[in-house]
Amino acid sequence: MFAPVLRGLECLLPAPLYCGVLYPVAHARALIHGWVKGTPPPAWPAGLPGLEPARVHRLYRLPLYLNRTFEYLPDRLAMPKWRDHCRWIGFEPVKRLLDAGRPVILAFVHFGPFVLLRNWLRAAGVPVAMFAGGEARSRAPLKLRKDRWALFPEVALTFYQDELADAIRHLESGRALGIAIDSGSGRQMQVPAGEGWRCQLATGPIRLARRHGAALVPCAIYNEKTWRVAVELGTPVSEETLAAGDEPAGAAVMASLMPILLAHPEEWTPQLGGRFSRVPEPALGARRTHR
């Protein structure tokens, strides 16, 4: 019921008026949620070098509710009226790789409105698919209904763990596959994340890129202001670094993403924050031996 109303409004109204009509609804939802649930603890890791903490206020869910309406408009985001609502950084080099038939793995983290990453990438002309945990039969009915409006309907939207062979065929056809590198499933590794800190990452995206000749590209999406997002694509990890092993490649991905994560503390999610930890202090006896 909600989706036809949103899509009907979008057809009738210019983008600024559409946003103006929906803003009070999202604001009221965020306000009520804040009153009922209270203010959550910060999601970012306290003490992470270079991170200036942001204030968490009762309307912390307002960006989520505003962005959620875009989930019902995936086929409309490519229209000129929405073009200014997404700013692209580092997009052209990746587009050239794909145009040349090179498969690309977009290594993203659970940060900002990451659920919109696929929709905005497709709106930019990249028929990306996402790799998700669980099994295909676990996909919620609401998500299946939203999938009906996707751009590039001939290209699968999501592959699950029981569809790995299909995901590999998608990749080998020269397309892009998005994978959360901060996933807790599969083989794990620890990489540096600032002085005295480390981050736990999944090795899956790196091993897939190495095995199937794909470029490994760090990727993030974040809110810049109301109804405006930015999608930032980092420099592809070099072939030499990728060949050097999982940890050097993972460290290169995090080195590319860390400036973005540090600049936007309000965009952290608990899932991402939980992957960071302090490097344990060496035991007293080990310190004495080192001296």
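Residues are numbered from 1 along each chain as its sequence is written, and side-chain values use heavy atoms, with hydrogens and water left out. Because the model is predicted, local features need pLDDT of at least 70 and side-chain atom pairs count only at pLDDT 80 or more, whereas totals for chains, interfaces and linings use all residues.

**Overview. The protein chain has 12 helices and 10 strands.** Helices (H or I, at least four residues) and strands (E, at least two) are DSSP runs, numbered from the N terminus. The radius of gyration, taken over C-alpha atoms, is 20 Å. Along the principal axes, the C-alpha atoms fill a box of roughly 75 × 50 × 35 Å. Of the 291 residues, 47% are buried; buried means under 20% relative accessible area, exposed over 50%, and partly exposed in between (1.4 Å probe, protein chains only). Among contacts (heavy atoms within 4.5 Å) with a separation of 6 or more, 74% join residues 24 or more positions apart.

View 1. Two strands pair if DSSP finds at least two bridges between them. Strand 7 (residues 197–202) pairs with strand 10 over three bridges. In this pairing Cys199 stands opposite Phe276, and Trp197 has Arg278 as its bridge partner.

**View 2. Strand 6 and strand 7 form a hairpin.** Four residues lie between the two strands, and Gly194 in the turn has a positive phi of about 105°. The strands pair in the antiparallel sense over five bridges. Gln190 stands opposite Gln200 in strand 7.

**View 3. Arg187 is found in the loop between strand 5 (176–180) and strand 6.** With a relative accessibility of 52%, Arg187 counts as exposed. Leaving aside residues up to four places away in sequence, Arg187 touches Leu201, Ala202, Thr203 and Arg207. Arg187 and Gly204 are 17 residues apart in sequence, and their C-alpha atoms are 6.9 Å apart in space.

**View 4. His33 lies in helix 2 (residues 15–37).** His33 is buried, at a relative accessible area of 18%. Its contacts, not counting residues up to four places away in sequence, are Gly38, Tyr60, Arg61 and Tyr65.

Terms used. Rg over C-alpha atoms; globule rule 2.2 N^0.38 Å.
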